[in-house]
Amino acid sequence: MRTLSGAVFVTLLIGGVLLGPYTFLSLFFIISILSQLEFYKLAKHYNVFPSQVIGLINGIALYAITALILIGQVHLNLILIIIPLTSLIFTVELYRKTTQPFLNISITLLGIIYAVIPFVLLALTAFYGSMETGYSPKVILGILFLQWSSDTGQYLAGRSFGKNPLFKRISPKKSWEGFIGGFIFTLAIAYVISIYYTDLNIINWMVIGGLIVIFGTLGDLVESMLKRSIDVKDSGNIMPGHGGVLDRFDGLIGAMPFVYFYIAVFC
């Protein structure tokens, strides 16, 4: 079941990216909503009660308006609607009569920052450089392949050679040997990607690969820290044998702010 669900997951992502900007943006729109829902559900283990409805409205609006701007359906200025929508998070809490209003507000905002913004950055990366360049599926596929290479390389190297814990307090099974093996494997895949996906040159792909290994691993550890702090194994059960959406995209969530910054500034 785990292998089958993993194959379906990979096929769905690759197919969604290759079919064009509308399917890509729609697919990750759904993923961003599911990620935010999972985050709010996990937050309730802390006895914190985020304003889920207004938080989701903000997350949906942020991603949807960004996507519509990217495909030229609405004016750039429409993104400004996020300002009053975000302010409503504070206003709504006035009427909820909870004992920890600002903690609730903080977690509501954190759900947008942690679970939605990385996917907004992924959408922006698909149209990297400027909106005039058009949709770049090869850049997105390259990022996904590098993330999967990092995960696979670290798992195989760690299983074969792992002895020294990378971050024992948070994730005892991760090792420095696995991290180094994953780094080398990901750079090798980055070289191969640079041959076929020439939207970016070999140096850029190598740097992106390095960023994904480093910050993707940290993103994995951050999500592990969240789950360990509330004593849950998985963020959800949407994928048999693979946990929740956050479990599958924790590395991408951690890496995308740095990958997007690099591409936007240096590519």
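Guide: Welcome! A helix here is a DSSP run of H or I with at least four residues, numbered from the N terminus. With that in hand, E223 and K227 both fall in helix α9, 4 residues apart, which is about one turn of the helix. Please keep in mind that this is a predicted model.

Visitor: What makes the contact between E223 and K227 a salt bridge?

Guide: The cut-off asks for a side-chain nitrogen of Lys or Arg within 4 Å of a carboxyl oxygen of Asp or Glu. For E223 and K227 the N to O distance is 3.5 Å, so the pair meets the criterion.

Visitor: Which residue forms a salt bridge with K227 at 2.8 Å?

Guide: That is D247, whose closest N and O atoms with K227 are 2.8 Å apart. D247 belongs to helix α10 (residues 245-266) and K227 to helix α9, so this pair ties together parts 20 residues apart in sequence. Through shared partners, salt bridges join E223, K227 and D247 into one network.

Visitor: Why is D247 called buried?

Guide: Buried means under 20% relative accessible area. D247 has 7% relative accessibility, so it counts as buried. K227, at 11%, is buried as well, and E223 is also buried.

Visitor: How many salt bridges does a search of the whole structure find?

Guide: It finds 4. One of them pairs D220 with K174, at 3.5 Å from N to O. D220 sits in helix α9 (residues 202-230) and K174 in strand β2 (residues 171-175), so the bridge ties together parts that are 46 residues apart in sequence. Both D220 and K174 are buried.

Visitor: Which helix gives the largest share of the nonpolar patch?

Guide: Helix α8 does, with 4 residues. Helices α8 (176-196) and α9 each supply at least two residues of the patch.

Visitor: How do you know that helix α3 has a span close to the expected one?

Guide: The expected span is 1.5 Å times one less than the number of residues. Helix α3 (residues 52-70) has 19 residues and reaches 27 Å from first C-alpha to last, close to the 27 Å expected. Just after α3, G72 takes a positive phi of about 75°.

Notes. Residues are numbered from 1 along each chain as its sequence is written. This is a predicted model: local features need pLDDT of at least 70, side-chain atom pairs count only at pLDDT 80 or more; totals for chains, interfaces and linings use all residues. Side-chain values use heavy atoms; hydrogens and water are left out. Buried means under 20% relative accessible area, exposed over 50%, partly exposed in between (1.4 Å probe, protein chains only).
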